[in-house]
Amino acid sequence: MIEPQVATHVTMDEITALAKRRGFIFPSSEIYGGINGFWDYGPLGALLKRNVKDAWWRQNVDLRDDVVAFDSSIIMHPETWVASGHVAAFHDKLVDCRHCKHRFRADHLQSLDQCPDCGMRGSLTEPRNFNLMMKTSVGPMEDSAALAYLRPETAQGMFVNFKNIYQTARKKPPFGIAQIGKSFRNEITPGNFTFRIREFEQAELEYFVAPDGNDMECYEEWVRARKQWYSDYGIKESRLRFYELKPEERPHYAKAGTDVEYLFPWGWGELESIAHRGTYDLDAHMKLSGKDLTYYDEAAKTKYTPILIESSAGMDRTALTMLIDAYEKEKTVDPNGKETERVVLRFHPRIAPIKVAVFSLARNKPDLVERAHIIEHALRPFFRSQYDEGNIGQLYRRQDEIGTPFCVTVDYDTLEDGAVTVRERDSMEQARVSADQLAGYLADRL
Ligand code: GAP
């Protein structure tokens, strides 16, 4: 079978327009013209990203007794990045066009002969190394002694704290440490909306195992667990692949690696990397700091350096994936019997920013408006809900476009019989449900 090269059910223009129109994602500091590689999450985007992070946290922390939570600082001692190898080797090769002044990543160019933007031959400079770590200075002096970096990954905070954590949490390998937090990379060519950005969030899990021969099994178990997660949250199997890295594609110390990739409208892109990193990271910090980060096994009276299995996922990329994957355009018939097209985000209920919208059929009927408000308030402790009023067709359209699984309409009959109309997003089927039983009805279906 020939693999598809791009996802064709939606274009990036449609996604970015919807994200802006409905308040998912805006360019950062837009009133000043924006800043390349930085984005802000609007009211719905903030909820979407939080739900993605909560879903990750649920699988990797809440439902496990062998993983502990962690939250380290963004700025760490600069030596951290010497030990990790980022100071020496976290580079991209950069090429400038002397003619149009555009800048490219050398590995994104097909040839170094001709500028892909202005077409000028022989105008490109030789590739130069460019370190991707963002620099800042700590304290009132801006000299080299104050130099610090914004972390390019959250992982190192967990490595340098390995001993603090296992001793205080009283954990013995196999066990893991999980963290979600901001990371920064001075990407040369940010792009594809929120896919490649300069400030982003990572969800990383560092799982430490004893060198007792079960490390590959454990790695494979994590690959399976992460596969299950994407499937549980409804990502289409046909647009997801788990690419096993060949030995020449892995760092020299890594025994195995898998990239989780999604088929975006521009082609395959990485969402997450899962790696068997051996003892490389703890060894590197022990060597530079001179501090012991081995594990002492009281029972066996032996000490060893645990082997690390890492899963590192980008939360912005995953949120973008959820948005793209959920997007569908379909022909339908509106309440007046007219054929029309609807855009619907078929989010998994846990991912949907709003779970239920409650409408008053009419704006100018105080009885209906009041009743709808009372019903919406009663749902609030259980589900993220929203009140709206007006033309039902337009209200459905808006909620479909933001992926709300259920809409509840309060109409004139409600005042008589205490029942409301519940409409389900995907099937558009409607049911009459007693307002008293609404929360239970929705809970069963969400
Ligand atoms: N600690 C391992 C690590 O950081 P990585 O493959 O460099 O591994 C992990 O990054 C994930 O972080 C990526 O798969 C991606 O989802 C996300 N990520 C990395 N750079 C990013 C960027 N510039 N913009 C958005 N997400 C990024």
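Trainee: Hi! How do the residues lining the largest pocket divide into nonpolar, polar and charged?
Mentor: Hello! This is a predicted model, and in it the lining of the largest pocket divides into 18 nonpolar, twelve polar and 17 charged residues.

Trainee: How much space lies in that largest pocket?
Mentor: About 1,300 Å³. The lining has 47 residues, and the closest to the centre of the pocket are Phe90, Glu153, Arg185, Glu270 and Ser273.

Trainee: Which elements give two or more residues to the lining?
Mentor: On the helix side, helix 4 (86–89) and helix 9 (315–326) do. The strands that do are strand 4 (91–96), strand 10, strand 12 (256–264), strand 13 and strand 16.

Trainee: And which of them gives the most to the lining?
Mentor: That would be strand 13, with seven residues.

Trainee: Which residues come nearest to the ligand?
Mentor: There are 18 residues around the ligand, and Glu153, Glu187, Ile197, Glu204 and Glu270 come nearest.

Trainee: I see several Glu in there. What does the shell around the ligand look like by class?
Mentor: The shell holds nine charged residues, along with five nonpolar and four polar ones.

Trainee: Which strands supply at least two residues of that shell?
Mentor: Strand 10 (199–209), strand 13 (267–278) and strand 16 (307–314) each do. Strand 13 gives the most here, with four residues. Strand 13 also gives the most to the pocket lining.

Trainee: Let's get down to atoms. What lies 2.8 Å from a nitrogen atom of the ligand?
Mentor: A polar side-chain atom of glutamate 187. Arginine 317 has a side-chain N or O atom 3.3 Å from a ligand nitrogen atom.

Trainee: And which side chain has a polar atom 3.0 Å from an oxygen atom of the ligand?
Mentor: Glutamine 202 has one at that distance. As for cover, the ligand on its own has 560 Å² of accessible area, and the protein covers 90% of that.

Trainee: Changing topic: which residues does a cis peptide bond join?
Mentor: Proline 173 and proline 174, with omega at about 5 degrees. You'll find proline 174 in the loop between helix 6 (162–168) and strand 9 (175–184).

Trainee: Last one. Which residue other than glycine has a positive phi?
Mentor: Take a look at lysine 101, where phi is near 70 degrees. Lysine 101 lies in the loop between strand 4 and strand 5 (103–105).

Methods. Residues are numbered from 1 along each chain as its sequence is written. This is a predicted model: local features need pLDDT of at least 70, side-chain atom pairs count only at pLDDT 80 or more; totals for chains, interfaces and linings use all residues. Side-chain values use heavy atoms; hydrogens and water are left out. A residue is near a molecule or strand if one of its heavy atoms lies within 4 Å of it. A polar contact is a pair of N or O atoms within 3.5 Å; within protein, one must be able to donate a hydrogen and the other to accept it, and residues adjacent in sequence count only if both atoms are side-chain atoms. Accessible areas come from the Shrake-Rupley method with a 1.4 Å probe; for residues, only the protein chains shown count as cover. Ala, Val, Leu, Ile, Met, Phe, Trp, Tyr, Cys and Pro count as nonpolar, Asp, Glu, Lys and Arg as charged, and the others, Gly among them, as polar. On a 1 Å grid over the protein atoms alone, a cavity is a set of points where a 1.4 Å probe fits but cannot get out, and a pocket is an open set with protein on both sides within 12 Å along at least five of seven lines; lining residues have an atom within 4 Å of a point. Grid points are joined across faces, edges and corners, and a volume is the space filled by probe spheres set on the points.
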